[in-house]
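Hello,

Here is the structure I promised to pass on. Please have a look, then read the notes below.

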Amino acid sequence: MAGSAAAILDFSEPKVGALIRARRRQLGLTLEEICQAAGISKGYLSQVERDQATPTLGTLAQIARSLDVGMDYFIATPSLEDSLTRADERPKFSVDGSSMIYERIAADFAGNILSSFVMHVPDGYRSETVSHEGEEILYVLEGTITQSLDDEEIEMKAGDSLHFRGNRPHAWRNHSGRPAKLLWTGTLPLFRGRAASAGVTAMPAPGVAAVPAPGVTTITKKTSKKFKQEENDS
């Protein structure tokens, strides 16, 4: 899984880190201010901005909210208006620069509060430690992961589940030697940014380009020459 995922991902510039840094500077915010709002460490966000680390989807949502933009500022995901998804037809996507692959299974309708994904986790993957609002449920479909919750390490195998409050520091990793597949469900508002929830249209991204691949769509953000020049001058 790890090898095939790496082969299909597009690493066009600017990546997520460059977009985060540009938006943060545009708003005049410090690393500390973003980290406090997003529930992550300054050191980790610094790595993300330098494209030395790629956040999970949940952490990227927290960062997006702290920057007053929607998730579509960074990535585009399949929009599901119908409640039924078929296993062999569900589109897959990933965050640019990450080996994680997601399948979105939660539908879009007025008032919905749940987000849910099937996550394909390659061997060797380690998430960042994060805390946030809401709650999460993890259910292991295939393979084995190690979940850290507060100071506890929990090994979870196929069929195991875990339900916890998001404000407890948590992270997980796959060091089992083979891929794992998880069902993640939570109330973390992944696609309902702070600006959108306030009735304000989120700032649009400079551009979006889809990179077709067999079964997986990776979305990256590409900006105008002016934007690139501003990044080079920073």
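**Salt bridges**

Asp150 is partly exposed, with a relative accessible area of 38%. This is a predicted model, so please read every value here as computed from that prediction. Asp150 forms a salt bridge with Arg168. The closest N and O atoms are 2.8 Å apart. The pair links distant parts of the chain, 18 residues apart. Asp150 sits in the loop between β5 and β6. Arg168 sits in the loop between β7 (161–165) and β8. Arg168 is partly exposed too, at 30% relative accessible area.

How many salt bridges does the structure hold? The count is 8. Two others are worth a look.

One joins the side chains of Glu103 and Arg90, at 2.8 Å from N to O. Glu103 lies in strand β2 (residues 101–104). Arg90 lies in the loop between α5 and β1 (92–95). The pair therefore ties together parts that are 13 residues apart in sequence. Are these two residues buried or exposed? Glu103 is buried, with a relative accessible area of 5%. Arg90 is buried as well, at 15%. Both values fall under 20%, the cut-off for buried.

The other joins the side chains of Lys181 and Glu142, at 3.5 Å from N to O. This pair also links distant parts of the chain, 39 residues apart. Lys181 is in strand β9 (residues 180–186). Glu142 is in strand β4 (residues 135–142). Glu142 counts as partly exposed, at 41% relative accessibility.

**Helix α5**

Next, the helix. α5 covers residues 57–66. Of its 10 residues, 10 are buried, so the helix is largely enclosed by the rest of the structure. The buried residues include Leu57, Leu60, Ile63 and Ala64. Gln62 and Arg65 are on the buried list too. What follows α5? Asp68 does, and its phi is positive, near 60°.

Strand β5 (residues 144–149) is joined to β8 by 4 bridges. Those two strands run antiparallel. To find the pairing on screen, look for Ser148, which stands opposite Ala171 in β8.

**The cavity**

Last, the space inside. The structure holds 1 cavity of 30 Å³ or more. The volume of the largest cavity is about 210 Å³. Its lining has 18 residues. Which of them lie nearest the centre? They are Thr56, Gly58, Glu136, Trp172 and Trp184. Gly58 is also one of the buried residues of α5.

The lining draws on parts already described. α5, β3 (115–121) and β8 each supply at least two of its residues. By type, the lining residues divide into 10 nonpolar, 6 polar and 2 charged.

**Where to start**

Begin with α5, which is largely enclosed by the rest of the structure.

Best wishes

How values were computed: Residues are numbered from 1 along each chain as its sequence is written. This is a predicted model: local features need pLDDT of at least 70, side-chain atom pairs count only at pLDDT 80 or more; totals for chains, interfaces and linings use all residues. Side-chain values use heavy atoms; hydrogens and water are left out. Buried means under 20% relative accessible area, exposed over 50%, partly exposed in between (1.4 Å probe, protein chains only). Two strands pair if DSSP finds at least two bridges between them. On a 1 Å grid over the protein atoms alone, a cavity is a set of points where a 1.4 Å probe fits but cannot get out, and a pocket is an open set with protein on both sides within 12 Å along at least five of seven lines; lining residues have an atom within 4 Å of a point. Grid points are joined across faces, edges and corners, and a volume is the space filled by probe spheres set on the points. Ala, Val, Leu, Ile, Met, Phe, Trp, Tyr, Cys and Pro count as nonpolar, Asp, Glu, Lys and Arg as charged, and the others, Gly among them, as polar. A salt bridge is a side-chain nitrogen of Lys or Arg within 4 Å of a carboxyl oxygen of Asp or Glu.
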